[in-house]
Structure formats: structure tokens, C-alpha cells
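Look at the structure first, then read on.

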Amino acid sequence: MPQGPQTFDALAVRTWCGLALESLGRAREEIDAINVYPVADGDTGTNLYLTVESAAAAVEAVFAGHAMAAASAPPSLADAVRAMAHGALIGARGNSGTILAQLLRGMAQVLAADSDRAHTDGQGLRRALRHAAESARQAVAHPVEGTVLTVASAAAAAASDAEGDCGSVARAAYEGARVALTATTGQLAVLERAGVVDAGGRGLVAVLSALVQTFTGEAPRQTPGSAALPAQTDGTPERPDGAAETCGDGTAGESGPAFEVIYLLEADDAAVDRLRERLDGLGDSLVVVGGDGLWNVHVHVDDAGAAVEAGVEAGRPHRIRITHFGLGDVHAGGAARPPRERAQRAVVAVVPGEGLAGLYAEAGATTVLARPGEPPASGELVHAVRRAHALEVVLLPNDADLRHTAAAAAEQARTEGVRVALIPTRSAVQGIAALAVHEPERRFDEDVVAMTSAAGATRYAEVAVAERQSWTMAGICQAGDVLGLIDGDVAVIGADVTTTAETVLDRMLAAGGEMVTLVLGDETPDAVATRLEARVREAYLAVDTVVYRGGRQGALLLIGVE
């Protein structure tokens, strides 16, 4: 094998990210299969993969930016590691992914301290690994030994004793992590009962293996997570008793919170300190990583709305993801708990705002948040289907532009043994109508037909502000005009939100209707809903109105008429 670089520069960072992604890709299913606690969601390997994928994409973007600028010099080490840390932070998934993001951020803080340096040596890598382990431990509310934190600390300690170049330091860190990983089985009772090592630690060993390969050109042999797991009747690996995700914050009990809440948060340090205290009282598995005004918050709670509200009080939360664990997905701790089984049926829905995400989650759906201008990729939808952990899944894309993405995700999920029905909902209000008639107790086909019928019987509209001059079905609009879109086409161009919304609502109700659903964006005043409710009462007898707050959903207002 060819020898790699013996100093850590921007190109080495790029190589490391790519190799780490490949290593986690190969180990993903194995890592998913050895999750042991606190939540039986079988996705640690997937979470780590998606986190590193985001980090690698950010590094590639830095190199692409330099290439487009025709810069004679490549990006600096500081540029590359800052991009890596930022990409991991904004793309972090789950407890293990969030902790990995902080490990990468800790390394970046050391490696980018001298922005003029083109590279660092073995001594610099030793210091970076030490700071990474310390900062990750500080990010976890209640650190527990026998987890990825233990493996990271062992890697840093072994690296500190190593002499020589970056290759020697990386190999020492890997060997220290590998030995510590093997010992995790005896450090936590739930790991010992299951006969597995810590899943998050196993993922970190894969990442460190890629670091060794970056400098030496050869990947070391990795420690397997457990003996081969027998297959269940549905073809998926059988989980050990009590299996779930292992992370640095462990509160093994007989039951636990029903929701996982993750969001990015723009806030100052003092507000984040208060947020930590607030969330620590709401649930468990609390990990808050980041700094310099941008944070990634992860917590398991029973009240998802309260966790989001706490973020709103602290600053500006966005990219909010709320996942309902479902029956059997609660914290696995007692030895008497049965092996985790798939739920019979679940609903996975794409939603455009955190308010709607909370509404869908409370109704039992697993949600994927669609950020304005950043539609989810098919991989995110597949990940959500896996998180739902059900034999049957109803997929609600809630956006006409996501039809092909959702179809690709459904096809991928089917290859994994999940029965998936894709209902082509084109708006979140159609999804609400479908979810309202969802009955998991009836036959799958009957449930899908009922949900499809309810969605199809719901006309949808939205009120938004034009960003630029454009030709529309209703004429030419100018930037700043208020647009009323009915069933995806611009039908009204106005200057006032309330007046435009009234016109849209009148046109929709002209064809009849029994129920009006209004979903307000975060910048839309309550007075708009008040006026529309009054309009319905005055002009349309026997028509009911329900109002929700959608959060940062892009549109000022969503309207549904059933």
C-alpha cells in the first residue's frame, strides 16, 4: 500500500473524511445491529454515517470553492477542519452522531488555532485528540463509562504516550480505542447481557481506522461488535435482549421518554447554559454541542413541544427533527424486558415547520423536517423509515416536488423488507387530513385507501410573498407582492396578507367544504387567523375551522379545505 502523508494538512482532512465515510458505510449495519441502550431504535451506525457524510460534504465544498476561485494554493488546514466541524455540527444525527460532531469540533479548535499553519505534526494531533475527548465529555449532561466517551478518552490517552509522526500517533489512538472498546462489554450491564460492545464506540473505532489509513495507506483490522446475530423471520438481524442505541449519556431504566428531539440553535453561551438546565429537567440523553453562537441540541423527552419551546426561549431553533419512538422503542434497561420487536405500522411524514412537526409527532408519526430551500434527500426519508422500525409504513411526502425522492426512498425501504405505501400528498394540510383517519388496527390496504381518500378530498393553498418579478397564472407579480396559490398554481396577487388570504379562502369554499385548516407561519400575526375564522362563521354555515402554528414553514399561511 502507498504511504500517506506524515503531516496533517487540508488534503489529509479531506482524505480522512472520505475514508471515514467508507469505513462507516461498511460497518453501518453491524453497528446498527448492536445498539443496546437507552433507546431501541437501531440506528447508531446510520446516524454516524450521516454525520460524517455532512462533514465530508462541507470539506468538499471548501475545496470546490478554492477551485472555482482559481486559487493557486489549496485550502488551509484551518479552513478544512473548520468546515469539517461545521458540517458535522449541522448534520449530526442521534446521540452518537452529536457526540462525534463535538469530537471533531474539539479537534478543529486545536488544529485551527494557528490559522496560518499549512499543516500540523504528531504533537499537534496528540493535542487535538486530547481536547476532542475532553470537550465531548463536557457536552454530555451525565457522562457514563462504557460508552463512546470512554473509547474517545482511551484513544486520547494512548495518543498522548505515542512518539513520532501523525501516522504513529493515529495508530496509537486507534489501538487504545480498540482495546477500550472491547472492555465496554464489561462496563455496562446491558452490554454484558447482550454480549456486545458499545455501538457508538464501535463507530469511533471505524473513524480512527480511517485516520490510520490516511497517514499509512493501510487500514488496520477492526474489532467486530459482537458474534454474528441470527436473523429474524423478517430477514433483519435479531437484536440482543434489551437492544437499543448506546450513547454517552445513559439512564437505563424500565421505561423512558417517547420522543427524540434534535435541533440546531442560534444562541449565546449564557442562554445555552440555561437551556441545559431546562432540558435536563424535561428528559434524558441530553447532549448539547457546538459554540460560537451555533449549537446542536439532542434530548429524549415526553413533551416534545416543551423541548422546542425551551429552544425558542433560548434563541432561534431550526432544522428541528422530532421522532416518536413508538411502542417498544422506550429505554431498555430491565433484564426482564422482551427483545425489541418491530411495530406493525407507522407513518413517516415530511413537514415544513417545527410546529407541524410537533403536531404530527404527537399523532404518532415519525417526522422529517423540510427546511425552506433544503428539501430532504431520499437518504433522510429512508433513515426516518428505519427509525419508525415498523413492518408497514405509510409515507407522506407532503410536497409535489418530493414525489420522486419519496418514491426512491420507498423502493429502498422495500428492499430492506418494509412494506411501504406512498400516498402522494402535496401539502402538509393534506397530510393532516390523512393522519386524522389513520387507524393502525385495520388492514394495511384499507388504511392506505382511507388515508389516500382523505388527502385527495382536501384542497390545499398557501399564501406567500413573491421573492422576484415573475409571470404567473394570475398575471405578472413583483417582488414583495402577496401571492395566493391554490393547488400549486398562483390564483391571487395582492398587497395585503389578510385580504389575499380571504380571497383564496372564498374561492376554495365556493366549491363547498366541511372543514377549514389554517396553519400560520412564525411571522404571521394571529389577527390573520382571527379574521379568517370570522369570515367562515359569517359566510359559510356548518363549516368548522381549526388553527395551528406551523413555525418556520416558508409560507405565511397554509390553508386546507376538506
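## Helices α1 and α2

In this predicted model, helix α1 (residues 10–33) and helix α2 (residues 44–68) have axes that come within 8 Å. The axes cross at roughly 160°. An angle over 145° counts as roughly antiparallel, and α1 and α2 are therefore roughly antiparallel to each other. Their crossing is left-handed.

Which residues of α1 and α2 make the contact? From α1 come Ala10, Leu11, Val13, Arg14, Cys17, Ala20, Leu21, Leu24, Gly25, Arg28, Ile31 and Asp32. From α2 come Thr44, Gly45, Thr46, Leu48, Tyr49, Val52, Glu53, Ala56, Val59, Glu60 and Phe63. By class, the contact of α1 with α2 holds 14 nonpolar, four polar and five charged residues. An α-helix has 3.6 residues a turn, so residues three or four places apart point the same way.

Helix α9 (residues 199–216) contains Gly203. With 1% relative accessibility, Gly203 counts as buried. Leaving out residues up to four places away in sequence, Gly203 touches Leu24, Ile31 and Leu48. Leu24 and Ile31 belong to the α1 side of the contact described above, and Leu48 to the α2 side.

## Helices α4 and α5

Helix α4 (residues 94–111) and helix α5 (residues 122–139) also pack. Their axes come within 7 Å and cross at roughly 140°. That angle makes α4 oblique to α5. The crossing of α4 and α5 is right-handed, whereas that of α1 and α2 is left-handed.

On the α4 side, the contact is made by Ile99, Gln102, Leu103, Gly106, Met107, Gln109, Val110 and Leu111. On the α5 side, the residues are Gly124, Leu125, Arg127, Ala128, Leu129, His131, Ala132, Ala133, Ser135, Ala136 and Ala139. The class count for α4 with α5 is twelve nonpolar, six polar and one charged.

## Aromatic pairs

How many aromatic pairs does a search of the whole structure find? It finds two. Phe8 and Phe215 form a pair that is edge-to-face. Their ring centres are 5.5 Å apart, with 75° between the planes. Both Phe8 and Phe215 are buried.

Phe8 lies in strand β1 (residues 8–9) and Phe215 in helix α9, so the pair ties together parts that are 207 residues apart in sequence. Ring pairs link Phe8, Trp16 and Phe215 into a cluster.

His389 is not a glycine, yet it has a positive phi of about 50°. It is found in the loop between α13 (378–388) and β9 (390–396). Is His389 buried or exposed? His389 is buried, with a relative accessible area of 12%.

Asn398 is another non-glycine with a positive phi, here about 60°. Its place is in the loop between β9 and α14 (403–415). At 8% relative accessibility, Asn398 counts as buried.

Helix α15 (residues 428–436) is mostly covered, with eight of its nine residues buried. The buried residues are Ala428, Val429, Gln430, Gly431, Ile432, Ala433, Ala434 and Leu435.

Gly305 lies in helix α11 (residues 304–314). At 25% relative accessibility, Gly305 counts as partly exposed; by contrast, Gly203 counts as buried. Gly305 and Leu359 are 8.7 Å apart in space, C-alpha to C-alpha, and 54 residues apart in sequence.

## The chain as a whole

The chain has 18 helices and 18 strands. Of its 562 residues, 56% are buried. Take the contacts between residues at least 6 apart in sequence: 74% of them join residues at least 24 apart.

Terms used
Residues numbered from 1 in each chain as written. Predicted model: local features only at pLDDT ≥ 70, side-chain atom pairs only at ≥ 80, totals over all residues. Heavy atoms only, no water. Axes fitted to C-alpha atoms, helices over the stretch in contact; angles between N-to-C directions. Helix = DSSP H or I, 4+ residues; strand = E, 2+ residues; numbered from the N terminus. Parallel < 35°, antiparallel > 145°, perpendicular 65-115°, else oblique. Left-handed = near helix turned anticlockwise from the far one by under 90°. Contact = heavy atoms within 4.5 Å. Nonpolar A, V, L, I, M, F, W, Y, C, P; charged D, E, K, R; others polar. Phe/Tyr/Trp six-rings, centres within 6.5 Å; stacked < 30°, edge-to-face > 60°. Buried < 20%, exposed > 50% of the residue type's maximum accessible area, 1.4 Å probe, protein only.
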